[in-house]
Amino acid sequence: MEQRGRALWRGLYVRFSLLAVLLLFGRAVWAQIRYSIPEEQKDGTMIGNIARDLGIDRRILKDRGFRIVSSSGESLFKVNQDDGGLYVNGKIDREELCERSSTCLIKVKIALENPLEIHYVTVEILDINDHAPTFNQKEKHLEIWESAVPGAKFQLQAAQDPDSGINSIQNYKLSHNDHFRLDVKDREEDGKIPFLVLQKPLDREAARNIKLLITAVDGGKPPRSGTMEILIDVLDINDNAPVFTKDDYTVMIHENAPKGTTVIQVNATDLDEGSNGEVVYSIGNVKNQIRELFEINPITGEIIVKGLLDFEAKDKYEIDIQASDKGLVPMISDKSVIIKIVDVNDNKPEIEVTSFSSAIPEDSRTGTTIALISVSDLDSGMNGKVYCSIHNGTPFKLFPSSHDNVYSLVTEISLDREKTSQYNITLLANDAGVPSLSSVKTITVQVSDVNDNSPQFLFSPYTFYIMENNTPGKSVFSVTASDGDSNENAIVSYQIWRDISEENTYTSFININSENGEIYALKSFDFEMIKTFQFKVIATDCGTPALSSNVTVNVFILDQNDNVPVILYPVSSNGSAEGVEEVPRNVNAGHLVTKVRAYDADIGYNGWLLFSLQEVSDHSLFGLDRYTGQIRTLRSFTETDEAQHKLVILVKDNGNVSLSATATVIIKVVEPKEAFAASDVKHAVKDEEDNGVTFYLIITLGSVSVLFVISIIVLIVMQCSKSTDYSSKYLQDTNYDGTLCHSIQYRSGDKRYMLVGPRMSIGSTLVPSSNGNTLVVPDRRRRTSGECELKKFANGSCPERSC
């Protein structure tokens, strides 16, 4: 009613508004027409002639713009401007447009112009019987107890029909049967609801299932109908008690039966069906002790061992078993089951350890008692007689004592914790029963440590190489010692053995971390001052008494390129590297003008010097040997050559960061003099007089050279026979190439080492762990008469060794 009132007021409002607009802007005429049409009409079906009903000439419809301007069903209808008719536009389904309304009205607004006219057309959609009643389910299952009383009602699901009015569902029909009738209640909103009414008692034994058919019929002409099948299951009532299949149950079981063993299975049947015929089993009114030993499967009726059966505790049990069905009022039957226990050897021997020492020192004497072992068995007779033993493979054995079943566990051999720190001793006890039972017990014996191992260094001796110019206070290397003992006996502390002798004065320049063996340099080492030294490190454990060991540490200082080459020649009177050379103008190409000599305190690549021309007045006249420093003429002098030439020679080493020095040579070209020729004549006469003296001098020098070669060969043979390691330490013979050779000697143990700084071959390298530049020389300090001396020759040749 409220919606209809709102619609009425909305219509009046629209009409008055439209009337006011027409009065202001023009003249308007309006009228209202109502048509009726059944649903489901074909597209294009004429509903009514609006022009004829309004009295409008059809010839002016187009000129006046005859059309539908608005309506609730604008897409459902259309107008024809030729004949003025209203036609169906598409399919009209009343159930979709007006689902639950008893009257279905569609309003259409028609407009004409010149003058403006508005006409309202109401189209009523009439229902036709185009739907049959339907049930949501094809089958309906009902379960009804056979004890149901007559008059009991069972509501059924109502059928559905989209049609309205007389075309909707009007009645329900039930197929013929002897037990049920149909009762229909009319509910305004929900329609007609069918109920199934029991009019005769049910008997499951006579009929277990009943099949009915319900039909819903509408009021159309012809009427339409829908059906649903009703399947009724008659439920049984519990009127039979379970019956056991045997009159008595007796069974025997061994006392060692494990938990979960099935003792016996009882069985009972029930003539009822469904839950009334399902039988469940339970233990009746018995003591809690029995419930702890046995349980029954409620489904299968199996009696199962739940606890430990012991013949010595009780040899027979009588259990009350109940069988009941699952009816609403269960029916119960009782039966007694007798279980007899059979005695067996079911008690294992027991092992008891007394006076047990879990830890024993590794220096314990053979035969030391570790523990007392006692064994027992609850069985009697042969089942209670026990034998005890231990597994082999341990340094222990069992000694039987004067008391029965008592043993002593003692050591059989000496113990060593460093080999085995723990022993798991397995004790085995067997009784004499048939079958025999046994018990196993494992005891753990810890071997306590005794400080019987001194610290051991990883290497002996240690050899380390330190680059000179190291950072003071920084760790340079470390030593490590391990102790086979444990706990405090294995804690190692380190210290340096301070010797006051002159050979170990350098030990004051190093220190060691007593905890981890890290060795620190307290000063920066200089290869040119010290080449090698050695010291000893002592490692001491924390045992009582403490044990210690020492190791020799050999330290070799490695050279760095930290020395600038020094020019030995030319050197002027004021100390600068500058010299003047005079060369006759008539010399040929290849003439040796002079030789630049230089020295570098470093060794190896750092002391290998190379020469190059940094500045020269005439590149075509003079040449410089890169390796020897010799300056030679490249060609003969000409008249046009200048009389004085300046050469600046750069001398640099081969270090990673090369260091260098320069020397200046002034070469003056002079004219040859006639006095030189006269002097040559005099020298020729003198040479003839001195030929005899020269002959004897040559013989003497040759003899000395032969003796020197023999001495060198003998020295090499002696070194090779003394130690095969020496052969790898000999330095290859060096050739002087313009760099002043030098050597440094030092001692290490019973050997003397000579570091030689010659010109090295191109491509050679100095490896920190290599002794390639070290010559091992036998210690001959006691033979003062055979001490060798190093001599440097003025002409710059390599130093020779004379003894």
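Author: Two strands count as paired if DSSP finds at least two bridges between them. Keep that in mind as we walk through this predicted model.

Reader: Thanks! What makes E46 and E47 a pair, and in which sense do they run?

Author: Strand E46 (residues 622-624) and E47 share 3 bridges. The cut-off is at least two, so they count as paired. The sense of the pairing is antiparallel. Within it, Gly623 stands opposite Arg632 in E47. The two strands form a hairpin with 5 residues between them, where Gly629 has a positive phi near 80 degrees.

Reader: And how do you know that E43 pairs with E47?

Author: By the same test: strand E43 (residues 592-595) is joined to strand E47 (residues 630-633) by 3 bridges, and at least two are needed, so this is a pair. These strands run antiparallel.

Reader: Let's move to a side chain. Why is Tyr506 called partly exposed?

Author: Tyr506 has a relative accessibility of 27%. Buried means under 20% and exposed means over 50%, so Tyr506 falls in between and is partly exposed. Tyr506 sits in the loop between strand E36 (492-497) and strand E37 (510-512).

Reader: What does Tyr506 contact beyond its sequence neighbours?

Author: Leaving aside residues within four places in sequence, Tyr506 is in contact with Met529, Ile530 and Phe533. A contact requires heavy atoms within 4.5 Å. The C-alpha atoms of Tyr506 and Phe533 are 7.1 Å apart, although 27 residues separate the two in sequence.

Reader: Which residues touch the most other members of the largest nonpolar core?

Author: They are Val263, Phe294, Ile303, Ile321 and Ile339, in a core of 27 residues. Several elements each supply at least two of its residues, including strand E16 (249-254), helix H4 (288-293) and strand E23 (332-342). E22 gives the largest share, 4 residues. Another core, of 26 residues, lies apart from this one and has Phe477, Val492, Ile496 and Phe533 among its members.

How values were computed: Residues numbered from 1 in each chain as written. Predicted model: local features only at pLDDT ≥ 70, side-chain atom pairs only at ≥ 80, totals over all residues. Heavy atoms only, no water. Buried < 20%, exposed > 50% of the residue type's maximum accessible area, 1.4 Å probe, protein only. Core = buried A, V, L, I, M, F, W, Y, C linked by side-chain atoms within 4.5 Å.
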